[in-house]
Each structure stands twice: as structure tokens, then as C-alpha cells.
Amino acid sequence: MSVIPTDIQHIDVGDAEIHVEITGNGPDLLLVAGLGGRGAFWNNQVQDFAKDFRVITFDHRGCGNSTPDKVVYGAEHMAQDVLALMDAMEIKKASLVGHSTGGAIGQHIALDQPARLTKLVLSCSWAGPDTYLTELFRTRREILISCGPLAYLTMGTYLAMPSSHLQPQMTSARAFMEERLAAFPGLEVELSRINAVYTHDLRSRLHEIATPTLCIGSMDDQITPPGFTQEMGDLIQGAETHLLDRGGHFSPIVSTEIYNKRVLEFLAQ
């Protein structure tokens with residue numbers, strides 16, 4: 001099967017340059033990563049989706065190959081970056097698939113700039129925190145501060161993927177984590193991104209979203225459990241809700257085939 005080529009650009013959004021990768025032709029489709037903030041999260045989706053769309057992935061400010069050392073001030077600030085990126089690329093309207101924190105970003109855009117979205121996919125995301133989410137990220141924050149990036153990233157990896165997927169890959173724990181450790185954006189940036197998770201709460205407004213929406217998650221997700229996906233689906237009028245049997249928080253990576261099939265079916269409707 002031939003590989004669809006990717007065009008790499010660095011796009012100015014005012015106070016940062018964003019690393020952008022563009023693959024395929026067709027209607028614009030933004031894939032927005034979560035807490036890690038790197039477009040590479042979507043490597044298992046890009047080629048499939050690019051058969052029908054112009055797929056745009058990017059590294060968030062402060063992450064990956066975008067301008068380093070750029071903190072964020074909540075999910076709304078991150079949403080403003082996406083809108084600035086769309087403006088710079090002269091994209092009037094696009095579909096958006098947002099994973100986890102990327103879903104929080106998508107919620108802000110759907111509420112504040114609904115004319116910019118054709119369709120919205122909220123992937124393993126949440127409308128607002130509960131005690132479970134708050135304590136989880138409080139603990140992750142404490143591990144990062146007290147034990148350092150390696151322990152923090154290792155814990156996050158164990159939480160994000162089912163053991164049946166993770167265990168066969170871990171012939172060497174250090175080697176397995178080296179790529180993630182190399183991509184760590186720095187303490188200040190990561191703490192600002194964790195704070196964006198803590199503070200995201202749009203439960204009282206999600207009923208205002210009019211963009212056709214799919215809420216997709218996994219039954220075995222330990223970071224944003226399935227109740228969060230169901231809650232978003234209940235709050236957004238007319239939203240479709242789909243829960244995968246397996247995939248954990250990183251279901252686009254773990255359960256790629258069924259994840260891609262379900263998302264593409266929704267986008268093609």
C-alpha cells in the first residue's frame with residue numbers, strides 16, 4: 001500500500017511557532033493530541049484518515065518540535081492556539097478529533113466558535129473533574145515534582161495502556177521510556193498542562209454544543225473512565241456515544257482498527 005506523503009510546516013501563531021504536519025487531500029480534519037501535546041500521538045490514524053481528508057496534526061506550544069518553554073493557561077488558551085493555527089492556514093471550517101485534553105480544547109471551540117467546526121469527536125475526554133480525576137492528577141503532579149520526569153512518565157504509561165498491550169513491549173524498561181523521556185517538555189510546561197486538566201469544567205455549558213458530536217472512549221480507561229464519555233454524550237444534545245471494550249486511555253494506539261473504523265464512519269455520515 002502506497003504511503004501518502006506528509007508536508008511539514010512551522011506556522012506562526014503570534015508568540016509561538018507550531019510544528020504542523022499535513023497529509024492527504026480533501027476536507028480539513030484536525031487531530032488534536034492530549035496532555036503529551038505531540039502530533040505523533042496520531043501516527044496510527046494519519047494514513048487511514050488521509051484517504052478521505054486533509055489531515056492536520058501538530059505539536060502544542062511548548063511540546064515536540066514547536067517553540068519550547070511555552071506554558072499554557074488552561075484548555076481555553078490551548079483552544080485559542082488551534083483557532084490561530086486555523087486562521088494562519090486559512091482554514092475556515094474543519095472537523096476536529098480531540099483526544100483527552102484535545103477533547104477539552106474541542107469543547108471550547110465548539111462552544112465559542114461553533115462556525116469553525118464541521119464535526120467534533122471527543123476521544124477519551126471529560127466534561128469536568130470529579131474526585132477520581134482530581135486525586136489522580138494531584139498524585140501525578142506530586143510524583144512529577146518529588147520523583148522526577150522518569151517516574152512520572154512511567155506511571156502515566158502504565159495508566160494509559162492495558163497491561164496486555166504494554167507488557168510484551170517492555171523488554172527493557174529504560175529503553176522503552178527513553179523516547180518519552182526525550183520528549184518531556186520540562187517541569188514548568190508540564191505542570192501548566194496538568195493544571196489545564198485540573199481546571200477544565202464545562203459541564204454547565206455542554207448542552208449548548210450544536211456541532212454533530214461523537215463521544216468515544218474505552219471501558220478499561222483508567223485515566224478518563226467510561227462514565228466521563230457517557231456523561232458528555234448525555235450532556236450534548238444529539239451526540240453519539242461509543243465505548244470500546246478494550247483500549248485503555250490510549251485506545252487510538254491500542255485498538256487502532258476498531259477506533260479508526262468508528263471515527264471514520266461518524267466523519268463520513
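Which residues lie nearest the centre of the second largest pocket? The legends below take up this question first. The model is a predicted one, in which local features need pLDDT of at least 70 and side-chain atom pairs count only at pLDDT 80 or more, while totals for chains, interfaces and linings use all residues. Residues are numbered from 1 along each chain as its sequence is written, and side-chain values use heavy atoms, with hydrogens and water left out.

**View 1. The second largest pocket, with a volume of about 220 Å³.** Glu21, Gly39, Ala40, Asn43 and Asp59 lie nearest the centre of this pocket, which is lined by 15 residues. A pocket is here an open set of points on a 1 Å grid over the protein atoms alone, with protein on both sides within 12 Å along at least five of seven lines, and lining residues have an atom within 4 Å of a point; the volume is the space filled by probe spheres set on the points, which are joined across faces, edges and corners. Strand β2 (17–23), helix α1 and strand β4 (54–58) give two or more residues each to the lining, where helices (H or I, at least four residues) and strands (E, at least two) are DSSP runs numbered from the N terminus. β2 gives the most, with three residues.

**View 2. The largest pocket, with a volume of about 760 Å³.** Of the 30 residues in its lining, Gly36, Arg38, Phe41, Arg180 and Phe250 are the closest to the centre. Helices α1 (43–49), α4, α5 (149–160) and α7 (173–182) each supply at least two lining residues, and the largest share, five residues, comes from α5.

**View 3. The largest cavity, with a volume of about 80 Å³.** A cavity is a set of grid points where a 1.4 Å probe fits but cannot get out, and a search of the whole structure finds one of 30 Å³ or more. Helix α2 (residues 75–88) gives the most to the lining, with four residues; the lining residues include Phe58, His60, Asp81 and Arg193.

**View 4. The buried residues of helix α9 (residues 226–235).** Pro226, Phe228, Thr229, Met232 and Gly233 are the buried residues of α9, buried meaning under 20% relative accessible area (1.4 Å probe, protein chains only). They cover an arc of only 160° around the axis, taken from the directions from the helix axis to the C-beta atoms, which puts them on the same side of α9. These residues pack against α3 (101–112), β6 (117–123), α4 (131–147), β7 (213–218) and β8 (240–244), contact meaning heavy atoms within 4.5 Å.

Terms used
Buried means under 20% relative accessible area, exposed over 50%, partly exposed in between (1.4 Å probe, protein chains only).
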